[in-house]
Amino acid sequence: MLKKEDAFTLIEMLIVLLIISVLIILIIPNLSGKSKEVHNKGCKALQSLVQAQADSYHLDHGQAASSIQALIDSGYIESDQKTCPNQKTLSLQNGKVIVGSGS
């Protein structure tokens, strides 16, 4: 009498593992290279947001804020908004928000 066994063979399992390994090898390098680009875009977005708040401060007070700390003290931005996700700090120069070097 013959038994019907429903199972995977060793070859089938090795083929599946090979396919998964190839997919991982192709995907992982693409993901790691994007994080720097994402942080830079996030920093640009934060710079635009803080610039809008600096302009709002200028309209409300009739003069430009002297520093990022003045915007924080006046409640225009939060203290965590003076540093970008890539650890670069923001500063004010003549009413314009400038992205500086890392902290």
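## The disulfide

A disulfide here is a pair of cysteine sulfur atoms within 2.5 Å. Searching the whole structure, which is a predicted model, turns up one disulfide. The partners are C43 and C84, with their sulfur atoms 2.0 Å apart. This bridge links distant parts of the chain: C43 sits in helix α1 and C84 in the loop between α2 and β1, 41 residues apart. Helices (H or I, at least four residues) and strands (E, at least two) are DSSP runs, numbered from the N terminus.

The torsion about the S-S bond of C43 and C84 is about 60 degrees, so the disulfide is right-handed. Both C43 and C84 are buried, where buried means under 20% relative accessible area (1.4 Å probe, protein chains only).

## The nonpolar core

Now for the core, meaning a set of buried Ala, Val, Leu, Ile, Met, Phe, Trp, Tyr and Cys residues joined through side-chain atoms within 4.5 Å. The largest nonpolar core has 16 residues, and V50, A65, I68, L71, I77, L90 and L92 touch the most other members. Helix α1 (10-61), α2 (68-73) and β1 (88-93) each supply at least two residues of this core, and α1 gives the most, with five.

## Notes on the model

Residues are numbered from 1 along each chain as its sequence is written, and side-chain values use heavy atoms, leaving out hydrogens and water. As this is a predicted model, local features need pLDDT of at least 70 and side-chain atom pairs count only at pLDDT 80 or more, while totals for chains, interfaces and linings use all residues.

Note on methods: Buried means under 20% relative accessible area, exposed over 50%, partly exposed in between (1.4 Å probe, protein chains only).
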